Amino acid sequence: MPHVEESYDIVVVGAGHAGCEAALAAARMGFETILFTVSMDSVALMPCNPNIGGSSKGHLVREIDALGGEMGKNIDKTYIQSKMLNVSKGPAVHSLRAQADKVEYTKEMRLTLQNEPRLTLRQQEVSELIVEPFNEDDTELENVNNIGGYRARVTGIVTCSGAIYHAKAVILCTGVYLKARCIYGDTIQETGPNGLMAANHLSTSMKDAGIGIRRFKTGTPPRIDKKSVDFSKMQEQKGDERIVPFSFENREEDIRREQISCWLTYTNEETHEIIRENIDRSPLYSGVIEGIGPRYCPSIEDKIMKFPDKDRHQLFLEPEGEFTNEMYLDGMPSSMPEDVQYRMVHTVPGLENAKIVRNAYAIEYDCISATCLKPTLEFDDIELLYSAGQINGSSGYEEAAAQGLMAGINAARKLQGKDPVVLSRSDAYIGVLIDDLVTKETKEPYRMMTSRAEYRLLLRQDNADLRLTDIGHDIGLISEERYAAFVEKRNIIENEIERLKKTFAGANEEVNNLLQKYESTPITSGITLESLIRRPELSYEALAPIDKDRPEYMDGTGISREIAEQINISIKYEGYIKRQKEQVDQFLRMEGKKIPDDIDYSKVNNLRKEARQKLEDVRPVSLGQASRISGVSPADVNMLMLYLKYSAH
């Protein structure tokens, strides 16, 4: 039978947050790219809470933007509330979070994709991978880095219609759509999120290609009709007065708009009793749900059963957009039957007469263990096949987008014949995320948290551009205009810190009056402005009246506010930052000790059986990565180090 047959440089399967970033990166790096989605309505969809950022996730979005990704720009266009979290704590854990207009976010991202010159967006289900056994004599593919350890190569995909799309690289970003089924009570629907079509064929093709498949599960809470809510019984949660953009290209005045409030309420003992009485009807406890759910975002029934001592749990009622009455009940994901959902919702203050627009549900889906991937997110043994997002066992839009960006970059770099871009744990939260996924066996959906980052004082969200913009520019995703502005900002920060180290304040009345105003100890002799800024009660901004040589543009607004923040943090935390950099140097020494691709672990003496198996499964690229594999002890690493040392002679 006749069928469509086309060729592209890169095929991206799935247009969620991972697929969008992967496809845009590949296209912007010069490659003809096609992005497949099961439905145009699922492009950059937020089937769970329509927000971007939050604790540690805000760091990821800032890093995506610094590298040249799209997520930060898109949320800046479409947010309806913006908030900086953890402001009472140190700068390492400050995290930006924005509630999005769900429909507008999808619409803007879809338009961005459709306007990208080398990118084609196509609605069609991908059903099959075209994977060919690897032949060492095959030189058909040009500009590919050294080929070692592969048993096969991907050369394209087939859609459900029978169309064939040849490709030099394929990136899998299937999200939660592979053999998805949505469940609440006894109701089981063989669909993806929000009733969208599932992708029911690709898993079989992946298994045929030798890729292991497992089942994970996540969930979402009910959506409530705003007209049926009594807000007088809830606490209003307003957005911040000062708006901090996610994208380093934007300024506050560019994106400021009127914000929409969220609302705080709580469960109570009546809510908990209804859940306990009906727990046998929960698919989680009846055995209907087979997939493993996320530990750090449990269903409400899990919370009640596992934390019986807690007499209430927070619930946030958050708008899904400016032009809808649907509100998201954050904190109450569930798979309880419909009648139980109504009863438990009606016990919540302010929701006594609430109408449910969409039931809460759990969703099960096929995914892989990312330990079969290289740190580039390419499969260990299938050349030029990459995987990113929730298919890798992670959860969250931001985690998906970060992986998608790196998979797109590395697929393009390999086709360019250039070295891959692998961010280390000391470079970025993205580095921590990917290293954890490909090194550590995740037993449940992985969520990024600040506690996972060993060097979080260095990896702050405020300095993501200083850490990563050089890399983004080198890759080709940061424009010359943006890079010039960044270099100017960096130079101003460095020059201003040097000036403050050399500028003295005298022990005069004006200076001591200022110190008294901030309840700071008066001085009796000259002192540098840098030393004064070290005092907890003082800051770069506070010293403006006595800093006569301060440049005029440092007026505390616009970009200079960002610069002032960097100056304060650099000076106040200098000692801590210096110590953490010393720790990074030690870490990098281990990361620099590379392990050959073709190492035979059976020849490494005195390795324990478990360690040998784990090393063979993960195939770490360095001693540092080997040391982080669960089941590999320090003694095993020492044996491996000795083997590498003596086998090199």
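Predicted model: local features only at pLDDT ≥ 70, side-chain atom pairs only at ≥ 80, totals over all residues.
**Notebook: a sheet and some salt bridges**

I started with T220 and found that its bridge partner in strand 19 is Y361.

Next I looked at how strand 12 and strand 19 (residues 361-367) go together. They run antiparallel, and seven bridges join them. Then I checked the rest of the sheet: it is an open one of four strands, in the order 11-10-19-12, with antiparallel pairing. Which strands stand at the edges? I got strand 11 (187-189) and strand 12 (214-220); each has a single partner strand, so one side of each has no neighbour in the sheet. From one strand to the next, the twist averages 25°.

On to charges. I reminded myself that side chains of opposite charge can pair when their charged atoms come close. Searching the whole structure gave me 56 salt bridges, and I picked a few to look up.

E326 pairs with R358, with the closest N and O atoms 2.7 Å apart. E326 sits in strand 17 (residues 326-330) and R358 in strand 18 (residues 356-358), so this pair ties together parts that are 32 residues apart in sequence. Buried or partly exposed? E326 counts as buried at 13% relative accessibility, while R358 counts as partly exposed at 32%.

D462 and R460 form a salt bridge too, at 3.0 Å between the closest N and O atoms. D462 is buried at 8% relative accessibility, and R460 is buried at 3%.

For R251 and D254, I noted 3.5 Å between the closest N and O atoms of their salt bridge. R251 is partly exposed at 44%, and D254 is partly exposed at 43%.

Last entry: I found a network of salt bridges linking R425, D435, D436, K440, E454, E591 and R628.

Key: Residues numbered from 1 in each chain as written. Heavy atoms only, no water. Pairing = 2+ DSSP bridges. Helix = DSSP H or I, 4+ residues; strand = E, 2+ residues; numbered from the N terminus. Axes fitted to C-alpha atoms, helices over the stretch in contact; angles between N-to-C directions. Salt bridge = Lys/Arg side-chain N within 4 Å of Asp/Glu carboxyl O. Buried < 20%, exposed > 50% of the residue type's maximum accessible area, 1.4 Å probe, protein only.
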